[in-house]
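The following exercises concern a predicted model. Each task is followed by a solution in steps.

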Amino acid sequence: MLSLWRKIRRTGRVAEPPPPLPEGERPERAALLGGSVQIRHVDAGSCNGCEIEIGSAFGPVHDGERYGARLVASPRHADALLVTGVVTRNMAEPLRRTFDAVPAPKLVVAVGDCARNCGVFAGAYGVAGAVRDVVPVDVEIHGCPPRPEAIVEGLRKLTGR
Ligand code: SF4
């Protein structure tokens, strides 16, 4: 048991080295949160591809938490929403209500092309619109699905770390 503990201590934390700070302005309201942002994820109508990449962004290789971003279980504990997928008609109102439940100053990150501009689902009968058509968006992350590196970069724009 002691040897295992020594090995863990010797090994330390294993993760990819941090890339340089992403370019682009940090949203003004994000600065009010300091370097730590609590995030509630909302799937507004995703195919689940973006969720897999979000899982990877918070996994041991990319370790999004080391930049101060942390997923939480309730919008009432959150500073920001991480929204994936096109907004379906059934999810438009729940998304609005989730946004209302986040205490100010609240931020919204649209993850993936569906969230940004409806992507491959544009014009489909069940689609209410992109995320910005329902709630205000502060940061957009491109890609279908976005790479975990891009998701971490978008989150670093919120935390400033
Ligand atoms: S952006 Fe691509 S991966 Fe993400 S929800 Fe849309 S279709 Fe799926």
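**Exercise 1.** Determine which helices each supply at least two residues of the shell around the ligand, and describe that shell.

*Solution.* Begin with the helices: α3 (49–57) and α5 (113–117) each contribute at least two residues to the shell. Next, identify the residues that come nearest: of the 13 residues around the ligand, these are Cys-47, Gly-49, Gly-112, Cys-114 and Cys-144. Finally, classify the shell, which comprises 6 nonpolar, 6 polar and 1 charged residues.

**Exercise 2.** State how α3 and helix α6 (residues 148–159) are arranged, and which residues of the two meet.

*Solution.* First, consider the axes of α3 and α6, which come within 8 Å and cross at roughly 70°. Angles of 65 to 115 degrees count as roughly perpendicular; therefore α3 is roughly perpendicular to α6. The crossing of these two helices is right-handed. Then turn to the contact: Glu-53, Ile-54, Ser-56 and Ala-57 of α3 meet Pro-148, Ile-151 and Val-152 of α6. The residues of this contact divide into 5 nonpolar, 1 polar and 1 charged.

**Exercise 3.** Give the strand order of the open sheet, and describe how α3 and α6 lie relative to its strands.

*Solution.* The sheet has 5 strands in the order β2-β1-β3-β5-β7, with parallel pairing. Its edge strands, β2 (69–71) and β7 (139–141), each pair on one side only. Strand β5 (residues 107–111) is joined to β7 by 3 bridges, and Ala-110 has Glu-140 in β7 as its bridge partner. As for the helices, α3 lies across β1 (37–43), β3 (80–84) and β5, running at about 135° to β3. Helix α6 packs on the sheet, touching β1, β2, β3, β5 and β7, and its direction makes about 170° with that of β7.

How values were computed:
Residues are numbered from 1 along each chain as its sequence is written. This is a predicted model: local features need pLDDT of at least 70, side-chain atom pairs count only at pLDDT 80 or more; totals for chains, interfaces and linings use all residues. A residue is near a molecule or strand if its C-beta atom, placed from the backbone, lies within 6 Å of it. Helices (H or I, at least four residues) and strands (E, at least two) are DSSP runs, numbered from the N terminus. Ala, Val, Leu, Ile, Met, Phe, Trp, Tyr, Cys and Pro count as nonpolar, Asp, Glu, Lys and Arg as charged, and the others, Gly among them, as polar. Axes are lines fitted to C-alpha atoms, for helices over the stretch in contact, and angles run from 0 to 180 degrees between N-to-C directions. Angles under 35 degrees count as roughly parallel, over 145 as roughly antiparallel, 65 to 115 as roughly perpendicular and the rest as oblique. A crossing is left-handed if the near helix is turned anticlockwise from the far one by less than a right angle, and right-handed if clockwise. Two residues are in contact if their C-beta atoms, placed from the backbone, lie within 7 Å. Two strands pair if DSSP finds at least two bridges between them.
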